[in-house]
Amino acid sequence: MRKRRKWILYGVFLALLLLFGLYQFFAYVLKDQWSERSAAEAAAISGAGLTEIEKAQKSVWDENSIYWVITGKNKAGSDVMVWVRFTVDGKPAQGENAVHTQELSQGVSEEKMRQIIAAQVPGIKIERLLPGAYNGEYAWQLFYKDGDRYYYRFYRFSDGEQIGDGYSLPNR
């Protein structure tokens, strides 16, 4: 009986050690992402006067279009989106257009954008819809599947109009 209890304690200890190691690995892998998000939220609070943060999303299209888009409320209680531009090094950009704020009432909300997409491109499976930037414009980035192919399209945030022709990804 004593031997069995000893092996049970060893097993429990080993399981706890394994769980702790997995947690540390997870924290190590996501540390940079978490610090970027915190920097973006701090920039949105100081640069746009956010008082409440609802959502933070990262959007990357190319090296000049790396943004964290923060959705929340400003001091006036209005729903706003804040685009915080980042450098390739993972640091918030400085200078002009580093932080851009726009009230949701002046643009197209995510729900309205989904309605526009459903009307323009029926029968697709939306994989991801997130705010970002494309060719210097603040936009909604749509990644979707139509049949057996994947596509990207961009829609202007201010009016929901499509920007460019979009991109088709090659099949494997």
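**Strand pairing and aromatic contacts**

W140 stands opposite Y155 in β7, and eight antiparallel bridges join β6 to strand β7 (residues 149-156). This is a predicted model, in which local features need pLDDT of at least 70 and side-chain atom pairs count only at pLDDT 80 or more, while totals for chains, interfaces and linings use all residues. Residues are numbered from 1 along each chain as its sequence is written, and side-chain values use heavy atoms, with hydrogens and water left out.

- Strand β6 (residues 137-146) is largely enclosed by the rest of the structure, because seven of its ten residues are buried (under 20% relative accessible area, with exposed over 50% and partly exposed in between, for a 1.4 Å probe and protein chains only).

**The four-stranded sheet**

- Four strands form an open antiparallel sheet in the order β1-β2-β3-β4, with β1 (50-60) and β4 (99-103) as the edge strands, each pairing on one side only.
- Strand β2 (residues 66-74) and strand β3 (residues 79-85) pair in the antiparallel sense over seven bridges, and the bridge partner of V69 in β3 is W83.

**Aromatic pairs**

- The count comes to 15 aromatic pairs, where rings of Phe, Tyr and Trp (its six-membered ring) pair if their centres lie within 6.5 Å, and planes under 30 degrees apart count as stacked, over 60 as edge-to-face and the rest as tilted.
- W61 and F154 form an edge-to-face pair, 4.7 Å centre to centre with 75° between the planes, which links W61 in the loop between β1 and β2 to F154 in strand β7, 93 residues apart.
- W61 counts as partly exposed at 27% relative accessibility, whereas F154 is buried, with a relative accessible area of 1%.
- W83 and Y138 form a tilted pair, 4.9 Å centre to centre with 45° between the planes; W83 lies in strand β3 and Y138 in strand β6, so the pair ties together parts that are 55 residues apart in sequence.

Terms used:
Pairing = 2+ DSSP bridges. Helix = DSSP H or I, 4+ residues; strand = E, 2+ residues; numbered from the N terminus.
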